[in-house]
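This briefing walks through selected backbone, packing and interface features of the structure shown below.

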Amino acid sequence: MKKNSIPESVELFKKRLQSKRQQTADDFKNRHPQASNWLLTAGIAVGNIRSSLTKLAASGMIAGSLLTFSPPLTSADLSLTDSAISLIAASDLRDRLAKSIHELLPDKISDLSKSQEQAISVKVREILGIDAKFELEDQRLNHQYGWIGAEQHLMRFPGDSVPDMAPKTGAWGYFALNRNDLNDDLSQKEKYYVAVQTLYLPEWNKEYPALKEWYKYRKVLVINPNSGRSVVAVIADAGPANWTGKQFGGSPEVMEYLEYTSGKRKGPVILTFVDDPQNKIKLGPVEKKYD
Amino acid sequence: MTKIFYWHLVELEPIKMELTNQGAGGADVEEILGHIEEIIHHRILSFIFDNLPAEHHKEFSLKLAKNPQNQEIWNFLQAKTEKDLTVEVENNIRRIISEILDDFVVDK
């Protein structure tokens, strides 16, 4: 039997397929709601994956040039959301950094040679646009490549109370005299802080006043060499003790961004000073290259 | 067809032949293949997300968006799932196409 010159079986088949397509899209969203969101943020709409991939291809984000496009594209089809572009750019940055740094590191965590340090600084400058220095103004930490472990929040002012907070202040005391004095800058410093082993620096006790001044809130770059995730933080505490087997500590936010929050809540990092005399580098995750 | 890293495992000729045998026109074939492509994507991506630990879902999504054709995605999946998904994806695709063909045969 014919209907509009289309065999009935074909028409029934089309209807059945339409329904099946909707059902599989719904199943996907129900089964993987978080993944559906990630795909959507990246520019791929579940329910219309074919068209999404075509748009991504046409917007020039695909390296290959062998694609053919079935439907004609409108200018609206060619736009990606800003968030998708920035997410992809950040992912790209991390991949490049991880790949570049991995090639330079020793197989096991150990001291870096001067040439390794120099090569890493060059790569960080090239990829992140940040002047990462292993030695700055004659100061050098006792470790540059080591294990970072999870620290708690630090008390920002007398009477401060937040979940997962250390019972004592950090190495420099309170960040602010009281709640009213706590500005955004100081809040960010507590949010993105690290602990380094200043206590083991050879001149620490002898030159404590000057060194304390130099190290207090000194800006550092912390890199997860496996993922390329990097975060700019300040030195706000001393430690950890040598017996822990760790060389650095990271605030909850630092550790979360580095993806060291599960299991033993520790992982390998490269830690450098940031040479930023004009204070242009912001504290927090580095997800784009600085000019 | 828009290429995606697993698309070389998809064989749609049997369905095209069935459609042609049934006298379906070019526009119908195009529409039907579009639905089938979408069904395959949903099912295969769902299978991948089932096997990939949740902490890697975001990275996989971004890699897919960045370059859907990139065969390196297989290496990423193998590293994160600690198994070779290629054969399972291929079997899944065969199963999906077989189900679709069965539907069509019932309709004849």
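A:Tyr217 counts as partly exposed because it has 15 C-beta neighbours inside 10 Å, a number that falls between the cut-offs of 12 or fewer for exposed and 20 or more for buried. The residue is found in the loop between helix H7 (208–215) and S8 of chain A, and its phi is near 60 degrees, a positive value in a residue other than glycine. The model is predicted, and the points below should be read with that in mind.

- Most residues other than glycine have a negative phi, and most peptide bonds are trans.
- A:Arg265, although not a glycine, has a positive phi of about 50 degrees, and this residue lies in the loop between H8 and S11 of chain A.
- The peptide bond that joins A:Gly239 and A:Pro240 is cis, with omega about -5 degrees, and A:Pro240 is found in the loop between S9 and S10 of chain A.

- S7(A) pairs in the parallel sense with strand S9 (residues 230–238) of chain A over four bridges, whereas its pairing with strand S10 (residues 248–250) of chain A is antiparallel and runs over three bridges.
- A:Val196 takes part in both pairings, standing opposite A:Ala238 in S9(A) and having A:Phe248 as its bridge partner in S10(A).

**Nonpolar cores**

- In soluble globular proteins, nonpolar side chains tend to be buried together.
- The largest nonpolar core holds 45 residues, and those that touch the most other members are A:Val194, A:Val220, A:Leu221, A:Val222, A:Val231, A:Ala233 and A:Val254.
- Elements of chain A that give two or more residues to this core include helix H5 (114–128), strand S6 (145–150), strand S8 (219–223), helix H8 (252–258) and strand S11 (266–274), while the largest share, seven residues, comes from S9(A).
- Leaving aside residues up to four places away in sequence, A:Ala233 touches A:Tyr192, A:Tyr193, A:Val194, A:Val220, A:Val222, A:Val254 and A:Leu283.
- A second, separate core has 34 residues, among them A:Val46 from chain A together with B:Ile44, B:Leu62 and B:Leu64 from chain B.

**Chain B**

- Of the 108 residues of chain B, 31% count as buried.
- Among the contacts in chain B with a separation of 6 or more, 74% are between residues 24 or more positions apart.
- H3(B) is mostly covered, with eight of its ten residues buried, namely B:His57, B:Phe60, B:Ser61, B:Leu62, B:Lys63, B:Leu64, B:Ala65 and B:Lys66.

**Contact between chains A and B**

- The contact takes 41 residues from chain A and 37 residues from chain B.
- On the side of chain A that touches chain B, at least two residues each come from strand S2 (6–7), helix H1 (8–31), H2, helix H3 (49–58) and helix H4 (82–102) of chain A, and H1(A) gives the most, with 15 residues.
- By class, this side of chain A has 25 nonpolar, nine polar and seven charged residues.
- Within the contact, helix H2 (residues 33–41) of chain A packs against helix H3 (residues 57–66) of chain B at an angle of about 35 degrees, with the axes 9 Å apart, and the crossing of H2(A) and H3(B) is right-handed.
- Here A:Gln34, A:Ala35, A:Trp38 and A:Leu39 in H2(A) meet B:His57, B:Lys58 and B:Ser61 in H3(B), and the residues of this helix contact divide into three nonpolar, three polar and one charged.

Key. Residues are numbered from 1 along each chain as its sequence is written. Chains are lettered from A and ligands numbered from 1 in the order in which they are written. This is a predicted model: local features need pLDDT of at least 70, side-chain atom pairs count only at pLDDT 80 or more; totals for chains, interfaces and linings use all residues. Axes are lines fitted to C-alpha atoms, for helices over the stretch in contact, and angles run from 0 to 180 degrees between N-to-C directions. A crossing is left-handed if the near helix is turned anticlockwise from the far one by less than a right angle, and right-handed if clockwise. Two residues are in contact if their C-beta atoms, placed from the backbone, lie within 7 Å. Ala, Val, Leu, Ile, Met, Phe, Trp, Tyr, Cys and Pro count as nonpolar, Asp, Glu, Lys and Arg as charged, and the others, Gly among them, as polar. Two strands pair if DSSP finds at least two bridges between them. A nonpolar core is a set of buried Ala, Val, Leu, Ile, Met, Phe, Trp, Tyr and Cys residues joined through C-beta atoms within 7 Å.
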